Amino acid sequence: MANHNAHTEHGDHGHEGGHGSMKSYVIGFLLSIVLTIIPLVAVMNGMFSKQVTTVLILVMAILQFAVQLLFFMHIRDEKKPRYNLISLIFGLVIMLTIVAGSIWIMTYNAVAT
Amino acid sequence: MAEAIKNKGHLAHAGHGSHGGDHGHGHDHHDQEEMKTFGFWLFLITDVILFGTLFATYVVLRNNFAGGPLGSDLIEMSGIIASTFILLTSSFTSGIALLEMNKGNKKGLITWLIITALLGASFIYLEVNEFIHLVHEGANIGTSAYWSAFFTLVGTHGLHVTVGLVWMTAIILQIRRRGITPVTKRKVNIISLYWHFLDVVWIFVFTIVYLMGVM
């Protein structure tokens, strides 16, 4: 049984959640804390103009997403062919199309607000 | 796609032949679990699209208050900041649970899953309190387009976390009874993926709804 377990772990090498080290989790956690504090401070103190702040906090959110994917969801460790990554990209393309498309259409559709 | 599924599961006979030597018995079972994880990943992708539509709706309707209260009037950031850090921490603790599982430490796995679930429960507690506060101040789901979009988006995320809590409790009970097996291992892997995903969604809720709302 113990032998089998060790074997399974070896076999697991390469998919999401299969491994990762304490170090990578701690680094990911610290990065996610920092990436949350930066936009918080920027918004609460009103440090920059509205436009700069908007771009800054969106960039921080996207970086935060990347941190979760890389350090927690182990997207890098997937073995080829990378179906998980490809399906994720596909989903993101659809999501961005819906969001950007809606904003675009409704911006020009606006009756005097 | 049929071919993709075949390859993912290494069901193709050719694949079997070339891998047979170093994988040995239990291979089919292992592939089955891997397929289930991939299936769950595809569910997460559809969830990305679901939240995408809700975010699109929110962004489009964000200025339509219909003479009712504004978001920035009623939102109290202190509670939101607390729940953000709670959810971030729970994403981290579910990762530690995974590490304990890979070490074969059943007790550690259960402990960290319970900590994760408790953090999730406190997140829900704060959210319910916030909703009660908002309704008290005169902003419910029918008040204006803004508040409809707000409650649908934030509420759908909260519902996901609630479902995750029930699910995590069930998995904890199952691990207590059956121990760490390939099947329970896959289940823990899947719930931790789900949990990280919910954390990612919350980051965008926090940024787009709350931070931009009070800016």
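The sections below cover the basis of the model, the domains, the chain interface and the nonpolar core.

## Basis of the model

The model is predicted: local features need pLDDT of at least 70, side-chain atom pairs count only at pLDDT 80 or more, and totals for chains, interfaces and linings use all residues. Residues are numbered from 1 along each chain as its sequence is written, and chains are lettered from A in the order in which they are written.

## Domains of chain A

An automatic or database domain assignment divides chain A into domain 1 (2-79) and domain 2 (80-113). Each domain gives 4 residues to the contact between them, where contact means C-beta atoms, placed from the backbone, within 7 Å. The domain 1 side has 1 nonpolar, no polar and 3 charged residues. Here Ala, Val, Leu, Ile, Met, Phe, Trp, Tyr, Cys and Pro count as nonpolar, Asp, Glu, Lys and Arg as charged, and the others, Gly among them, as polar.

## Interface between chains A and B

In the interface, 46 residues of chain A contact 46 residues of chain B. Helices H1 (2-12), H2 (22-44), H3 (50-72) and H4 (83-109) of chain A each give two or more residues to the chain A side; helices are DSSP runs (H or I, at least four residues), numbered from the N terminus. H4(A) provides the largest share, 14 residues. By class, the chain A side has 24 nonpolar, 19 polar and 3 charged residues.

## Nonpolar core

The largest nonpolar core has 65 residues, and Ala97(B) and Phe150(B) are among those that touch the most other members. Such a core joins buried Ala, Val, Leu, Ile, Met, Phe, Trp, Tyr and Cys residues through C-beta atoms within 7 Å, buried meaning 20 or more other C-beta atoms within 10 Å. H8(B) (182-214) gives the largest share of this core, 19 residues.

Technical notes: Contact = placed C-beta atoms within 7 Å. Buried ≥ 20, exposed ≤ 12 C-beta atoms within 10 Å, placed from the backbone.
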